[in-house]
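I hope they are handy when you look through it yourself.

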Amino acid sequence: MNTYNVTLKFEDRKTGPEGRTIKIDASSIAGAIGKATREFVKSLDRKQRFDMNKGLKIEALRVTTEKAEEPKAAEANA
């Protein structure tokens, strides 16, 4: 599984630009966008959903983990 930061933004009629960033674990970027969008839409009320349907901006970035992997040295006994 990979971790993605998905940012979803829309123009609210009262408050202007509104959105949030959701951290999602998924196997692909398409799956991450789908999961984040479902979670984001559940948090909106009816009027916000209508505003969101007029235009939703989606940005998705894969989060890289900075793990230092050490190559295993092969030891030969002669």
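The points below go from the sheet to the helices, then to the core and a few individual residues.

1. A word on the source before anything else: this is a predicted model. Please read each value below as computed from that model.

2. Let us start with the sheet. It is open and built from 3 strands, in the order β2-β1-β3, with antiparallel pairing. The edge positions belong to β2 (16-26) and β3 (56-63); each of these has a single partner strand, so one side of each is left without a neighbour in the sheet. From one strand to the next, the twist averages 20 degrees.

3. Now the two pairings in turn. Between β1 and β2 there are 11 bridges in the antiparallel sense, and these two strands form a hairpin with 3 residues between them. β1 and β3 also run antiparallel, joined by 8 bridges.

4. Next, the helices. α1 packs on the sheet and touches β1, β2 and β3, with its direction at about 130 degrees to that of β2. Helix α2 (residues 46-54) lies across β1, β2 and β3 as well, and runs at about 100 degrees to β1.

5. What makes up the largest nonpolar core? It has 12 residues: Y4, V6, L8, F10, I22, I24, A26, A32, A36, F40, L44 and M52. The elements giving two or more residues to this core are β1, β2 and α1, and the largest share, 4 residues, comes from β1. As general background, nonpolar side chains tend to be buried together in soluble globular proteins.

6. The aromatic rings deserve a look. The count comes to 1 aromatic pair. The ring centres of F10 and F40 are 6.0 Å apart and the planes stand at 70 degrees; planes over 60 degrees apart count as edge-to-face, so that is the label for this pair. The pair links distant parts of the chain, with F10 in strand β1 (residues 2-12) and F40 in helix α1 (residues 29-42), 30 residues apart.

7. Are the two partners in that pair buried or exposed? F10 has a relative accessible area of 4% and F40 has one of 3%; since the cut-off for buried is under 20%, F10 and F40 are both buried. M52 joins the picture here: leaving out residues up to four places away in sequence, it touches F10, F40, V41 and L44. F10, F40, L44 and M52 are all among the residues of the core in point 6.

8. Which residue does the side chain of T7 meet in a polar contact? The answer is T21, whose side chain is joined to that of T7 by a polar contact of 3.1 Å. Beyond its neighbours within four places in sequence, T7 is in contact with R20, T21, K57, I58 and E59.

9. K54 lies in helix α2 and, at 64% relative accessibility, counts as exposed. Its C-alpha is 9.9 Å from that of D12, although K54 and D12 are 42 residues apart in sequence. G31 is found in helix α1 and counts as partly exposed at 30% relative accessibility. G31 and Y4 are 27 residues apart in sequence, with 9.9 Å between their C-alpha atoms.

Methods: Residues are numbered from 1 along each chain as its sequence is written. This is a predicted model: local features need pLDDT of at least 70, side-chain atom pairs count only at pLDDT 80 or more; totals for chains, interfaces and linings use all residues. Side-chain values use heavy atoms; hydrogens and water are left out. Rings of Phe, Tyr and Trp (its six-membered ring) pair if their centres lie within 6.5 Å; planes under 30 degrees apart count as stacked, over 60 as edge-to-face and the rest as tilted. Buried means under 20% relative accessible area, exposed over 50%, partly exposed in between (1.4 Å probe, protein chains only). A polar contact is a pair of N or O atoms within 3.5 Å; within protein, one must be able to donate a hydrogen and the other to accept it, and residues adjacent in sequence count only if both atoms are side-chain atoms. Contact means heavy atoms within 4.5 Å. Two strands pair if DSSP finds at least two bridges between them. Axes are lines fitted to C-alpha atoms, for helices over the stretch in contact, and angles run from 0 to 180 degrees between N-to-C directions. A nonpolar core is a set of buried Ala, Val, Leu, Ile, Met, Phe, Trp, Tyr and Cys residues joined through side-chain atoms within 4.5 Å.
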